[in-house]
Amino acid sequence: MSRPDPEQLQGTLVDFALLELIRQHRESFQPLWTVDSWAKLMIWLSLNCGLSGERDALEHFAAALGERITSRLRRTFFERELADLELQVLADPAEQQVLLLSQAPQDPAVLKPDRLSAALDRVGLTDRVVAERSRWQQLEAVVAIPWKG
C-alpha cells in the first residue's frame, strides 16, 4: 500500500478538522434547521478566517470555498446520525423534504412510523415537518417527509 504524499495528508487532516468543527458547533447556530442557522455558521467561519462581516467579504469567503466544499459543509451541517435508532436524518431546509435513511436496510422495523417520529423528536424536527403520516413517502430504505409550508 502506497503512502499518501504530505499534501494529501494535509488536505485530509484539514477536511476532517473542518467537518468535526461543524459537528461540534452546529447546535449553537439557532434556530436549528433553518437557512438562518446555515448563514450564521458561514459568517462565524469567515470571521474566524480573519474576514470582516461585510457583505463583500462574506461573498468572497463563499466564492473561495467553492461549490464542492460548500456542499460538503452544508450536508454535514444539516445531517444527524442516530446510531441507536439506526437512522440518518438529512434535513436541509433548501430541499423539499426531510429524508430519514435506514442504516440497517435489511431490518424493516427501522422505518416504522413510531421510530421515525422518535428520531424527528430527538433532533428537534417534529414541529417543522408535516405530521400526517399519510403524506410520508417510503422509498426502499428511505422515508421522505415534507417540510411544513
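**Exercise 1.** Determine whether Arg122 is buried, partly exposed or exposed, and identify its salt-bridge partner.

*Solution.* Arg122 has a relative accessibility of 46% and therefore counts as partly exposed; buried means under 20% relative accessible area, exposed over 50%, and partly exposed in between (1.4 Å probe, protein chains only). The model is predicted: local features need pLDDT of at least 70, side-chain atom pairs count only at pLDDT 80 or more, and totals for chains, interfaces and linings use all residues. Residues are numbered from 1 along each chain as its sequence is written, and side-chain values use heavy atoms, with hydrogens and water left out.

Next, the partner of Arg122 is Asp84, with the closest N and O atoms 2.7 Å apart. A salt bridge is a side-chain nitrogen of Lys or Arg within 4 Å of a carboxyl oxygen of Asp or Glu. The pair links distant parts of the chain, 38 residues apart: Arg122 lies in helix H4 (residues 113-122), Asp84 in the loop between strand S1 (79-82) and S2. Helices (H or I, at least four residues) and strands (E, at least two) are DSSP runs, numbered from the N terminus. Finally, Asp84 counts as exposed, at 52% relative accessibility.

**Exercise 2.** State what the salt bridge between Arg74 and Asp92 ties together.

*Solution.* The closest N and O atoms of Arg74 and Asp92 are 2.7 Å apart. Arg74 belongs to helix H3 (residues 55-77) and Asp92 to the loop between strand S2 (87-90) and strand S3 (97-102), so the pair ties together parts 18 residues apart in sequence. Arg74 is buried, at 17% relative accessible area, and Asp92 is buried at 15% relative accessibility.
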